[in-house]
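This report describes how two chains meet in a model. The sequence and structure come first, followed by the account of the interface.

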Amino acid sequence: MFSTYPGQVVVDHPISVPIEHRFDPYVDNGGTLLSIAGEDFCVVAADTRQSEGYSINSRYVPKSVKLSDKTVISMGGCYADCLTLTKRIQQSMEWYQHAHGKTMSTAAVAQMLSIMLYQKRFFPFYSWCILGGLDEEGKGAVYTYDPVGSYERETCRCAGSASALIQPFLDNQINFKNQETQKHTQSLEKVLRITKDSFTSATERDIYTGDYLEIFVITSKGVEVQKMDLKKD
Amino acid sequence: MSIMEYNGGAVVAMVGKNCVAIACDKRLGVQAMTISTEFKKTFQATPKTYIGLPGLATDVQTLAEKFRFKVNMYRLKEEREIEPRTLAHLVSSTLYERRFGPWFVEPVIAGLDKENRPFICSTDLIGCINFAKDFVVSGTTSNQLYGMCESLWEPDLEPEDLFETISQSLMNAVDRDCLSGWGAEVTVITPDKIITRTLKSRQD
């Protein structure tokens, strides 16, 4: 009647098999972030939509946090992990301030974050971090991380759900790849224009990106925040 | 490992002012290994229409030949060239015929109709047509291409500017995809001529 495969057993009564019930600790809350380093400034931008699957949890949950007058961190991925990681960084920075009498430099925060992430190597923080700020010479600095702490200083980087859409655009406009234009550092106005265009384009094609865009501009004068609308569909 | 990512490839088409452009990369790989750097994925269907076929390479070759056959038969029976919109529907039905064992390609069509109006569209692997007014993308690099095209495209680009725009979109997008690249071929179709240029990009 039925053809059987080798090793297959056909029975006429229900049989039970043990099933493992597991709790998946990770959730992806979506969103996109980017950071661009200039000659004497740094721009950190992120959208503010928080989602879970096809639902929107909130239209305004900021992904970026100001750590000091010189450093801003932005994180995407699992929001719970991002919140806890931010809290731990801020606590460590406060300990440092009391122990050494000065604010942690951007490079020091960068290395500390890498160590913090690797300490949870076997149950990682599901967070895509980008650290932006000014280095000790006053030049713009962007540090990018993977979830377990591998980090590198770069000129520009985007992370999150629309990173594949925006990264080639940044390669072309900031690093002048595949272009004959002489490499030069862009002005703040140009960088802000590129940032806004990146997000409006990403919002068109990525469902997890939209609602509002928050841009942190770090200069020697401090940190300034701009907020603009993105499409809410 | 997805079957659509076995060989790699990227195709993009854009609409300009009284012209269209279609571009593809030239890599043929077997997963991580590159086999050929001369595997173009665009084919001329009629004097004013091109089809781009990214996806599984064996299906790319087979469907290129199938469409060449069908377009030739159409020309013999109708005694005229097939219009791009009709070709789109022909491609769609050919793919849907294999609904439950599909061809692993996601074609892109670009051309000028008999009044020289620009036409582009893309379909998924089972024939759902996307009639776009601006640009269409397909292949392993589609996310990167969406980002580039969405930022760089503007309406009513002249043929020379359209060439620059589509070239920059393709070259920067494939540089972020390890399965595509190794050069590019860009074709710009205008009412009086078709110009095909080969670009040298990062050879990795």
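## The interface of chain A and chain B

Two salt bridges are counted between chain A and chain B. In one pair that meets the rule, Arg176(B) bridges to Asp171(A), with 2.7 Å between the closest N and O atoms. On the chain A side, helix H3 (163-173) and helix H4 (188-205) each contribute at least two of the residues that touch chain B. H3(A) gives the most to this side, namely eight residues. Sorted by class, the side of chain A that touches chain B holds four nonpolar, six polar and five charged residues.

Polar contacts were also counted across the interface of chain A and chain B: five residue pairs qualify, with both residues at pLDDT 80 or more.

The extent of the interface can be given in residues and in area. In residues, 15 of chain A are in contact with 16 of chain B. The size of an interface is often expressed as the accessible area lost when the parts come together. For chain A and chain B this buried area is about 1,400 Å², and carbon and sulfur atoms account for 51% of it.

| Class, side of chain A that touches chain B | Number |
|---|---|
| Nonpolar | four residues |
| Polar | six residues |

The model is predicted. Its scores are ipTM 0.90 and pTM 0.90. Chain B has a mean pLDDT of 97, and 100% of its residues reach 70 or more.

Notes:
Residues numbered from 1 in each chain as written. Chains lettered and ligands numbered in written order. Predicted model: local features only at pLDDT ≥ 70, side-chain atom pairs only at ≥ 80, totals over all residues. Heavy atoms only, no water. Contact = heavy atoms within 4.5 Å. Buried area = accessible area lost by both parts, 1.4 Å probe. Salt bridge = Lys/Arg side-chain N within 4 Å of Asp/Glu carboxyl O. Polar contact = N/O pair within 3.5 Å; in protein donor to acceptor, adjacent residues only side chain to side chain. Helix = DSSP H or I, 4+ residues; strand = E, 2+ residues; numbered from the N terminus. Nonpolar A, V, L, I, M, F, W, Y, C, P; charged D, E, K, R; others polar. pLDDT = per-residue confidence, 0-100.
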